Amino acid sequence: MKYLPLIWHNMFRRRLRTVVTVLSVTIAFLLFGFLTAIRSGLEGGVEVAGVDRLIMVDRVAIINPLPLSYRNRIVATKGVSAVTHATWFGGYYQDKRNFFAQFPVEPESYLEMYPEVVLPQAQRAAWLADRGGAVIGRALADRFGWKVGDRIPIITPIWSRRDGQAAWDFTIRGIFDAGKEGFDTTNMLFHYEYLNEGRAFGNGLVGWYIIQIDDPDQVATMSAALDALFANSSSETKTSSEATFLQGFADQVGDIGAIFTAIVAVVFLTLLLISGNTMAQSVRERTSDLAVMATLGFSRWRIASLVVIEAMLISLIGGGLGLGLAWLAVTVGGDPTSGYLPAFFIAPQYMVLGVGLVVLLGLFSGVLPAWQAVRLRDVDALRRTV
Amino acid sequence: MVLFAGIAQVAAVTAVNVRTIPQRWVSSLVAVVGIAGVVLVVVAVLSIGAGFKQAMVSRSDPSTIVITRASSTGEMDSVLSRDEMAVIANAPGIANDANGLLVSGELYVVVDVPRVSTGGSSNVPLRGVEAQGLAVRGNVEVIEGRLFRPGLNEVVVGKSAANQFAGLKVGDTHTWRQSEWVVTGIIDADGGVPDSEIWADTGAMQSAWGRSGFQVARVRLTDEQAFTTLSDTLSTDPRVNLTVERETDFYAERSQVLSVFVTTIGWFVGALMGIGAMFGAVNTMYNAVASRTREIATLRALGFGAIPVTVSVLVESMLLALVGGLLGGVAAWLVFNGFEVATINWQTFSQVSFTFAVTPPLLIGGTIYALVLGLFGGIFPAIRAARMPLTVALREL
């Protein structure tokens, strides 16, 4: 790498242009990182779905409840290793704007079903022992500044209380973290029994079942077998893998998601076009320099590789800065839409894709001028000016 | 006189500049395409928000009033008993027509219907309306087939929902809650919310869904001013605890999250991408100045002032930006205006169908943004052009 100083000097032949080029590459990749985080958010956690988990909901619409009595029949089905359930509580804290998701669950079986819910042992025990207790996700705790031991009243328009009081009171017994990046921690979990005893109607109904199966390859067969159990009943079911279920939620966003992806592609290509052109131009301007080097005895391939390395360097500096800034903005800055997205993170595969694109940009913006440089005859090149 | 001479100088220098653009067409094209891309993206993203808002709010009627339970967050989780419905029907300020009082007791649930484009599941809203449901809204009409008959399991489908979701054409049937429902007609609400919904008779839905009461009431005011009378009467009545809102306000609140999301993304992407495109313009203009160093220096030596030279570079940069802005705006209009989509509104947990609206304010805003980018992209190269030392510049190749 004795040529590094030469490359370095070439890069700063026009310092301002190099800085501008690096910055435009930086911005392209900053946007890339940011938009992939939004995309992961819109996909609603499909990437973190468990392969052996099935979700069973009412066939007509997810908002219709299922009977608690289904539980035993599901457990008794061959191939099912565990089952738990959850319900939509639909409440808010003090004001309708402070809406967040709360799920009444069966605590022990739910925590076993979701190892992604990481809760300290002492807090877990405290929650299990307190029927009016709840655990909240880290993101939710940060949003309202809640701590373990706080008492919070939640108002829900769905479940009126048998005793006529407006709010349901909860004591926070624990704060859970995500055991896997992208797992939703914007919600609250509490005892299903607390809801079932306190509510004025709907006793013995749950929202949906989460079913663990022995063999992840049997998703289709198991789903069909489980739905067959409840065919022709008043609450027919629709069972699918957790990934399909979450994908179903993502599908609700519809073509907007696809349009969004197309727009990202336009953004990215435009920015690459701009920076690629600048990089190529800076080489074209130096044609006569390159010709001088050739007459001095540099082999054409060496000259070409110097050109490619320079382009690659600009791409790596700009792209590295951009991806780094995006990661920082997403991880530290958080969701710019304040809560529209359930998850907001740059998935590892997009980081890898980003790095790949950085390398590709360096190659493509360097190869064309390098090829021109190789092809030139010295006499012509020496004669050329700009 | 001095001013006139200045303008004449600017015009002369700019004319020289513009005439040399063909010699530098690649880098000029890159600047134009860059700015066109920015405007295309910003206008396209913002047109999603504009279209959504138009469907939810502009096409709603301020004389149509939505009445829900006070603690509810929307129609889906509201409950109204028959007694509460009776109190509402007796309140002052409600209009009449030949068929009686303009009041509709309604149900609001979602049913899972596959999307035409992807086959994915979608929460399509199914609304129960009473006999006066159409008259209460004022702008809903049946454009194909006929209305459902009271008490029967028949539905009519909004025209956008019929396009976006499978099996919602006249004559199609669906099994919901163990009974068969047949589509008998298509309704048109001029791009408003009913175009996204499926409507059935409230009574038929009450028996299928096992409900005795209602979820939400809609009434039509005698005139827009009657709102206060109606609202005051209902809010002071101790028998009921209700929220009374104009339909426009009701939907404005429930379109907030998605609009803010789309607008935030639109401006965020637009701003960052704009900076990138500006770098492209900066580079193009530096290039333009560099390639004309001798010409500019000659003009300066002939007595042209520094300001005309500066301004001429800015004008050229803004001209390129204007071309880019117009191209981007036209492309956005051609590709996206009137494009129909359905997406979920998480605030109502149901699908809303709407068309992208590339509105004149968006196009004007996009063009202004392009000009601003062109101006900032031209400033530094313009200053360089004016500051060039003559002797050095004249010696340049």
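User: Why is B:Phe349 called buried?

Analyst: B:Phe349 has 20 other C-beta atoms within 10 Å, and a residue is called buried if 20 or more other C-beta atoms lie within 10 Å of its own, exposed if 12 or fewer, and partly exposed in between, with C-beta atoms placed from the backbone, so B:Phe349 counts as buried. This is a predicted model, in which local features need pLDDT of at least 70 and side-chain atom pairs count only at pLDDT 80 or more, while totals for chains, interfaces and linings use all residues. Residues are numbered from 1 along each chain as its sequence is written, and chains are lettered from A and ligands numbered from 1 in the order in which they are written.

User: What makes A:Asn232 count as exposed?

Analyst: A:Asn232 has 7 C-beta neighbours inside 10 Å, and therefore counts as exposed. A:Asn232 lies in the loop between helix H8 (219–229) and strand S12 (237–241) of chain A, where helices (H or I, at least four residues) and strands (E, at least two) are DSSP runs numbered from the N terminus. Although A:Asn232 is not a glycine, its phi is positive, at about 65 degrees.

User: How do you know that A:Gln121 is exposed?

Analyst: The count for A:Gln121 is 8 C-beta neighbours inside 10 Å, so this residue is placed among the exposed ones. A:Gln121 is found in helix H5 (residues 121–129) of chain A, and its C-alpha atom is separated by 9.6 Å from that of A:Gly174, which is 53 residues apart from A:Gln121 along the chain.

User: What shows that S13(B) and S14(B) are joined, and how do they run?

Analyst: Six bridges join S13(B) to S14(B), and two strands pair if DSSP finds at least two bridges between them, so S13(B) and S14(B) count as paired, and they run antiparallel. In one of these bridges, B:Val341 has B:Phe354 in S14(B) as its partner. The two strands form a hairpin with four residues between them, and B:Phe349 in the turn has a positive phi of about 55 degrees. S14(B) is mostly covered, since five of its six residues are buried.

User: How does the radius of gyration of chain B stand against that of a compact globule?

Analyst: The radius of gyration of chain B is 30 Å, whereas a compact globule of 397 residues would have one near 21 Å; the radius is taken over C-alpha atoms, and the globule rule is 2.2 Å times the number of residues to the power 0.38. Along the principal axes, the C-alpha atoms of chain B fill a box of roughly 95 × 45 × 35 Å. Chain B has 13 helices and 14 strands, and 52% of its 397 residues count as buried.

User: How do H9(B) and H12(B) pack, in angle and in the distance between their axes?

Analyst: Helix H9 (residues 256–291) and helix H12 (residues 360–387) of chain B pack at an angle of about 35 degrees with their axes 8 Å apart, where axes are lines fitted to C-alpha atoms, for helices over the stretch in contact, and angles run from 0 to 180 degrees between N-to-C directions. Residues of H9(B), including B:Gly274 and B:Val289, meet residues of H12(B), among them B:Tyr369 and B:Ala385, and two residues are in contact if their C-beta atoms, placed from the backbone, lie within 7 Å.

User: How many residues does each chain give to the contact between chains A and B?

Analyst: Chain A gives 41 residues and chain B gives 53 residues. On the side of chain A that touches chain B, H10(A) gives the most, with 12 residues.
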